[in-house]
Amino acid sequence: MTSIQPQRLAAVLGAGLLATGLAAHAANRDPSLAGEVMVKLITTDALAPLLAKYPLVQIDAFGARPIYRLQITGTATVAQMVKKLTAEPSVLIAEPNYLHRDPESRKNNPWAIGTQQAYVDQWAPQALKLPEAHLLSTGTGVRVAVLDTGIDAAHPAFAGKLLPGFDFVDFDNDPSEMGTVADAGFGHGTHVAGLVALTAPDARIMPIRVLDADGMGNGWVLAEALLYAVDPDGNPLTDDGAQVVNMSLGSLSRTHLFDDIAMLTTCNIPAVPEPGVDFTDPGYDGDKQRCLASRGTVIVAAAGNNGNDKAREYPAAESAYGELAVGASASNRRLASFSNFGSWVNLAAPGDGITSTFPWGAYATWGGTSMAAPFVAGTAALVRSANPGLATKELARRLERTSSLLCRTDIGQVDPVAALKNIEPANQRCR
């Protein structure tokens, strides 16, 4: 890609081509893809009888696992089909394929032109004491998967930092950003990846495109991408998966399938069936093999930009094992006004007025919990690099335990130095 001059960006913005968000869905839920249901069955043998009994056809499957994406071919609504399938003894999960999007396009948080100097000198690295943290760890040996709108792989800031990725939107091996600045999500993934690189400069970034240029995706694609992130080559015996996954995206509608996928991703697989949870089918043998050889993956998710504790954003609010829901802080050590909060938010990180990488070799300033999440993901990479034997949940809890409370809230801001030293940070004065 060729570089773009600030004047050209300004001209485009002046033409009114700022990102625009979609309206919130009624009843505080997001819509789902028409005519689609996602199911998890007890065994793969249960699929054929279901397809024979109901007007359904298989669209996709998670490898050999008994998890399927199905299309309704009759007149039944998604809600009606989900109700019928849920009553089947062989069905553990049946639910719509809900849409996901990046929080900034949802709330129409526009970006502005930034500079490379601002990227280096902005308030966030100083607030997190990154120069001091980098004396202890730079993230060497850790892979961070960024599930987003893609990446500008030619950006100079990513030189030597990228691993091969995948595009689950166009389903090819090129996870490049697509679209133009007229699209609501354009540049989001590049911006997020740049903050991982800023926090953990020697970690390797695995870009995985799950959102289109409008910042839109769906639950099935997100689950596919999660499993790809932890096992890119499909061989559970090779050590090529991400130890940290960043998801600066979400839905207002909960996807229960994500809970099960998170168990596989974080290696929290129950040895025996539990109510609604069963991994005894041989299709999960690869996941069990992988987890015998790894410590699992920490999942970092943006908490959303609704500015309250009522509208929960998923998967951040799933409270899955080894997952961290991240809110955004401002430079005054308070929670940013747009950030969601509540007992389900585990941590905060700088997210207000953050400068990072942007397509065409450029830089942009954006605000949102999407910007906060990669600071936490990068911190997780620093700690994982320094403590490779640390279990997934231990690592996540350490980041919480060593965080420093923001002013006027009980949410702590991630503290990379304290996390690396495994100490409680000193209280900072509020102003």
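This report describes a predicted model of one protein chain, from its overall form to a few single residues.

## Basis of the model

The structure is a predicted model, in which local features need pLDDT of at least 70 and side-chain atom pairs count only at pLDDT 80 or more, while totals for chains, interfaces and linings use all residues. Residues are numbered from 1 along each chain as its sequence is written, and side-chain values use heavy atoms, with hydrogens and water left out.

## Overall form

The protein chain has 14 helices and 17 strands. Helices (H or I, at least four residues) and strands (E, at least two) are DSSP runs, numbered from the N terminus. The radius of gyration of the protein chain is 21 Å, close to the 22 Å that the globule rule gives for 431 residues, so the chain is as compact as a globular protein of that length. That radius is taken over C-alpha atoms, and the globule rule is 2.2 Å times the number of residues to the power 0.38. Along the principal axes, the C-alpha atoms fill a box of roughly 60 × 50 × 40 Å.

Contact means heavy atoms within 4.5 Å. Of the contacts between residues at least 6 apart in sequence, 77% join residues at least 24 apart.

## Surface and charge

Of the 431 residues in the protein chain, 60% are buried. Buried means under 20% relative accessible area, exposed over 50%, and partly exposed in between (1.4 Å probe, protein chains only). The accessible surface of the protein chain comes to about 16,300 Å², and 53% of this belongs to carbon and sulfur atoms. Accessible areas come from the Shrake-Rupley method with a 1.4 Å probe; for residues, only the protein chains shown count as cover.

Helix α10 (256–266) is mostly covered, with ten of its eleven residues buried. Among these buried residues are Leu-257, Phe-258, Ile-261, Met-263 and Leu-264, along with Asp-259 and Asp-260. Just after α10, Cys-267 takes a positive phi of about 65 degrees.

A search of the whole structure finds one disulfide, a term used for a pair of cysteine sulfur atoms within 2.5 Å. The disulfide joins Cys-267 to Cys-291, with 2.1 Å from S to S. The pair links distant parts of the chain, 24 residues apart: Cys-267 is in the loop between α10 and α11 (285–293), and Cys-291 is in helix α11. The angle about the S-S bond is -85 degrees, and the link is left-handed. Cys-291 has 17% relative accessibility and counts as buried.

## Two buried loop residues

His-155 is placed in the loop between β6 (143–148) and β7 (166–167). At 1% relative accessibility, His-155 is buried. Leaving out residues up to four places away in sequence, His-155 touches Thr-357, Phe-358, Gly-361, Ala-362 and Tyr-363.

Ser-339 lies in the loop between β12 (323–329) and β13 (347–350), and is buried at 1% relative accessibility. With residues up to four places away in sequence left out, Ser-339 touches Gly-304, Gly-307, Asn-308, Gly-327, Ala-328 and Thr-369. Ser-339 and Gly-304 are 35 residues apart in sequence, and their C-alpha atoms are 6.3 Å apart in space.

## The loop between β11 and β12

Ala-317 lies in the loop between β11 (298–302) and β12. Ala-317 is buried, at 7% relative accessibility. Neighbours within four places in sequence aside, Ala-317 is in contact with Arg-312 and Trp-344. Ala-317 and Gly-342 are 25 residues apart in sequence and 9.9 Å apart from C-alpha to C-alpha.

Pro-315 lies in the loop between β11 and β12, and the peptide bond from Tyr-314 to Pro-315 is cis, with omega near 20 degrees. Ser-319 is placed in the loop between β11 and β12, and has a positive phi of about 55 degrees although it is not a glycine. Ser-319 is exposed, with a relative accessible area of 54%. Most residues other than glycine have a negative phi, and most peptide bonds are trans.

## After α14

Asn-422 is found in the segment after α14 (416–421). Its phi is positive, near 55 degrees, and Asn-422 is partly exposed at 38% relative accessibility.
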